Amino acid sequence: MNEKNRHTLDKALRKLPQHSAPEDAWAQIEASLSHESSETAPMRDALKKLPLYEAPEGVWPRIEWQLQAGMRVVRRHSLLAAAAVALCIVSIGALGYYLRQAPESSAPPLQLSERQQRGQVHLTEAEIAVYQSEIAGAGHSLDSCLKLNPEAGKEPDIAAALVVLGQVRDSLRQSLEMEADTAAQRLRMRHSLLQEALRSRVCP
Amino acid sequence: MMVKRQSDRSVYSVSEQDQQMIQGCVAGDRLAQKKLYDRYKDAMYTLCFRITNDPEAAQDALQESFIGIFRGIHLFRAESTLGAWIKSIVVRTTYRHVRRQIQHEPLEQVSREESADWGHELDAGYLAEAIQSLPTGYRMVFVLIEVEGYSHKEVATMLGVSTGTTKSQLFHAKRQLQFKLKALGVYP
């Protein structure tokens with residue numbers, strides 16, 4: 001569209017006829033609003049008074065943890081299980097440190113060939129299923145313990161949670177041997193010698 | 001002061017303080033993220049709970065929503081208010097949590113929304129109870145349109161359904177609410 005045509009169009013548009021709103025338009029609108037208002041007012045009032053809720057305290061730590069880890073969204077149970085894994089890692093590390101300090105642990109480290117001979121513990125599918133079930137069950141139990149406990153004055157049942165954590169640690173210590181392609185495997189690589197020593201102490 | 005414009009569709013002004021908070025969130029500043037979370041957490045949790053009617057699902061939805069908000073806050077263009085932008089993410093995320101529970105009714109022509117007579121006074125406690133007893137789909141549409149003030153078109157876009165569906169769901173939601181309130185003895 002050239003400049004002249006645009007000017008012509010603009011001029012014509014400005015001259016389009018103007019219309020007045022019908023006199024009774026407002027009366028109709030007002031009547032409609034009044035009618036609607038009288039019917040819906042109780043609902044509107046009640047909706048304004050609907051209860052509000054406070055976000056639970058535990059949500060932010062989970063968000064923060066995920067942001068730090070740069071991980072996908074993990075549900076609450078998964079987070080507790082991950083916390084249990086972290087606890088187990090720390091426990092095993094501490095145990096390893098203790099063994100290194102103990103006089104009995106002064107035995108020469110295993111050679112690579114010996115390590116290969118001992119190799120990875122091969123568990124049956126049934127055993128793996130049992131361990132996984134134990135870990136999942138313990139995660140749920142831990143969750144229950146950490147919920148508000150009405151019988152204990154609305155406090156988390158820490159004692160029960162610690163028992164569960166102990167069970168989780170034991171289960172995970174065994175499951176670490178079977179996880180082939182996870183962070184647990186990397187941990188196993190680091191601590192394999194230590195675990196071999198531990199196993200030989202527990203089951204000579 | 002406006003948030004840095006990357007699109008000329010930015011129409012909402014953002015205070016300098018909020019701009020700093022948003023930029024902090026974009027940069028991954030944990031304090032800024034916590035500040036934003038604290039500002040909106042209760043309102044958004046209330047919305048999540050009203051939609052899911054389940055405290056645990058609401059927690060999960062809230063958590064997932066804010067992770068999405070922090071990861072996508074660089075996309076905020078001030079085309080709506082920050083609160084509206086956050087709320088739209090919370091609604092979509094919460095919808096994903098309840099989607100499996102929603103069974104869309106076969107489309108039924110609701111030519112004009114029938115106005116309902118709610119009497120002279122309606123008790124908010126009973127109304128809350130009645131709302132929570134609605135099927136998930138009805139409850140979600142009712143909460144979004146009647147409580148949160150979204151239009152049918154907005155809700156239809158967010159949920160990926162037609163406005164005919166949202167109108168139908170709202171119609172049935174109101175009808176069921178009346179039944180529930182009548183059963184509770186508080187409906188005229």
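Which residues in α2(B) meet residues in α6(B)? In this predicted model, where local features need pLDDT of at least 70, side-chain atom pairs count only at pLDDT 80 or more and totals for chains, interfaces and linings use all residues, L47(B), R50(B), I51(B) and T52(B) of α2(B) meet T136(B), R139(B), M140(B), V143(B), L144(B) and V147(B) of α6(B), contact meaning heavy atoms within 4.5 Å. Residues are numbered from 1 along each chain as its sequence is written, chains are lettered from A and ligands numbered from 1 in the order in which they are written, and side-chain values use heavy atoms, with hydrogens and water left out.

Chain B contains eight helices and zero strands (DSSP runs, H or I of at least four residues for helices and E of at least two for strands, numbered from the N terminus). Of its 188 residues, 52% are buried, that is, under 20% relative accessible area with a 1.4 Å probe, protein chains only. Among contacts in chain B with a separation of 6 or more, 68% join residues 24 or more positions apart.

Helix α2 (residues 30-52) of chain B packs against helix α6 (residues 136-147) of chain B at about 140°, the axes lying 8 Å apart; axes are lines fitted to C-alpha atoms over the stretch in contact, and angles run from 0 to 180 degrees between N-to-C directions.

Between α6(B) and helix α8 (residues 163-183) of chain B, the angle is about 100° and the axes are 8 Å apart. The two helices α6(B) and α8(B) are therefore roughly perpendicular, a term covering 65 to 115 degrees.

Key
Buried < 20%, exposed > 50% of the residue type's maximum accessible area, 1.4 Å probe, protein only. Parallel < 35°, antiparallel > 145°, perpendicular 65-115°, else oblique.
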